[in-house]
Every structure is written in C-alpha cells, then in structure tokens.
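Read it alongside the sequence and the coordinates.

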Amino acid sequence: MSIDEIIEFLSGLDGILILRPGPGDGSPELSWGDVFFYYAPDGEVPKATQPFATIVTKDYPEDERSRLNRPGAFRLNVSAGKDAFVSWTGLRPRDAPASEADPSVADSVMAHPVYGPLGWLAVVNPGPRTEQAVLELLRTAHDLARSRHRRRAGSTSP
C-alpha cells in the first residue's frame, strides 16, 4: 500500500479531516510530509483530541528505531483501541514493552515503538500481508474516533 492509497481509503469515510503539513502553513518543519487523520465532521482540527491515525515519513527525535529515513520508508500509526491492540500483540497496551520487536520490519502489524503503551499499533510500509488488516484497523480507529466525538458532543445518534 502506498501513502496515497491509504489517504484515498480514508477520504472515503465520513467526517474525515486530513492534514498534510507543509511550508507556509505554520506547522513545524519536522511534520512536513507527514499526514494526520482526524474525525472532524465540521472540518476544524479538534482542539481536545489527537488524530486517530498518522503517517510519518521520517525519524523523529526519540523515535528512530523504525529507520524511516530509508528511501521510500513510512510508518502508518493507528489508534484502533484496546481490543485491536490485544488481538494483534497479545498484550494489554499498558503491558506492552517499548522495545520488544524490531520496529523497522516492513509489512507487519506491531505495537508502536513509542506509543504502544498508549494502545497505538504501527505498520512500516504496509504491503500484501497487512493490507486487509490495515483497512480493518483504520475502519475501527475511525469508528472509535467518531464515537468519542459524538459522546463529547452529547449526541446519541448513530
């Protein structure tokens, strides 16, 4: 899967706000080239919530183990909830060690190398082995983000 394929898939879901930071938009230079996905039906960046998925295209300080500075490397990060995390890792998020697996392995669902203990999953360069899992995890993360938004807004409609 390419970054564009992931963006295209998420663009088809309701209430999605996609941020692609770049020069001149006030975002930190480190974030340029990355992509952030929010559930935001009003089109505004939520003030009190994080994105439900991100794509990072480079190493960040304290997060270099995925080796994203390799040509063509990127990592999809997904907050798909505790159940999905346990299903994929066999561990509760808070019990996930930060350094067990090699986070640079491509096309493998694993605990995020930094935010695993917060329940985030990650896939470096999703490919044929993880494509269906990635789509399912993204749907789940979107559903959870939509539910949180509705709870915060006081809505009970589906």
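Ser27 sits in the loop that links strand S1 (16-19) to strand S2 (35-39). Helices (H or I, at least four residues) and strands (E, at least two) are DSSP runs, numbered from the N terminus. The side chains of Ser27 and Trp32 make a polar contact of 3.1 Å. A polar contact is a pair of N or O atoms within 3.5 Å; within protein, one must be able to donate a hydrogen and the other to accept it, and residues adjacent in sequence count only if both atoms are side-chain atoms. Beyond its neighbours within four places in sequence, Ser27 contacts Pro21, Gly22 and Trp32. Contact means heavy atoms within 4.5 Å.

This is a predicted model, in which local features need pLDDT of at least 70 and side-chain atom pairs count only at pLDDT 80 or more, while totals for chains, interfaces and linings use all residues. Residues are numbered from 1 along each chain as its sequence is written, and side-chain values use heavy atoms, with hydrogens and water left out.

**The sheet**

Six strands form an open sheet in the order S1-S2-S3-S4-S6-S5, with antiparallel pairing. Two strands pair if DSSP finds at least two bridges between them. S1 and S5 are the edge strands, each pairing on one side only. H1 packs on this sheet and touches S1, S2, S3 and S4. The direction of H1 makes about 10 degrees with that of S2. Axes here are lines fitted to C-alpha atoms, for helices over the stretch in contact, and angles run from 0 to 180 degrees between N-to-C directions.

| Strand pair | Bridges | Sense |
|---|---|---|
| S2 and S3 | three bridges | antiparallel |
| S4 and S6 | four bridges | antiparallel |
| S5 (residues 110-111) and S6 | two bridges | antiparallel |

Individual partners can be named. Phe36 has Thr54 in S3 as its bridge partner. Arg75 is opposite Val124 in S6. Ala111 is opposite Leu121 in S6.

In a regular strand the side chains alternate between the two faces of the sheet. In S6, Leu121 and Val123 point one way, Ala122 and Val124 the other, and all are buried. Buried means under 20% relative accessible area, exposed over 50%, and partly exposed in between (1.4 Å probe, protein chains only).

**Helix H1**

Which residues of H1 are buried? They are Ile3, Ile6, Ile7, Phe9 and Leu10. These residues lie on the same side of H1 because they cover an arc of only 160 degrees around the axis. The arc is that of the directions from the helix axis to the C-beta atoms. Asp4 and Glu8, on the other side of H1, are exposed. The buried residues of H1 pack against S1, S2, S3, S4 and H3.

**The cores**

The largest nonpolar core holds 30 residues. Ile6, Phe37, Phe52, Ile55 and Leu138 have the most contacts inside it. A nonpolar core is a set of buried Ala, Val, Leu, Ile, Met, Phe, Trp, Tyr and Cys residues joined through side-chain atoms within 4.5 Å. Two or more residues each come from helix H1 (3-11), S2, strand S3 (53-56), strand S4 (75-78), helix H2 (82-89), strand S6 (121-124) and helix H3 (131-153). H3 gives the largest share, seven residues. Another core, of five residues, lies apart from this one and includes Tyr60, Leu68, Ala73 and Val124.

Ile6 touches Met1, Phe37, Ile55, Phe74, Leu76, Pro126 and Leu138, leaving out residues up to four places away in sequence.

Leu137 belongs to helix H3. Leu137 counts as buried because its relative accessibility is 4%. With residues up to four places away set aside, Leu137 touches Val78, Ala80, Ala84, Trp88, Val109 and Leu121. Leu137 and Gln50 are 87 residues apart along the chain, and 17 Å separates their C-alpha atoms.

**Two positive phi values**

Glu62 lies in the loop between S3 and S4. Its phi is near 70 degrees, a positive value in a residue other than glycine. Glu62 is exposed, with a relative accessible area of 72%. Asn125 is in the loop between S6 and H3. Asn125 is not a glycine, yet has a positive phi of about 45 degrees. Is Asn125 buried or partly exposed? Asn125 counts as partly exposed, because its relative accessibility is 25%.
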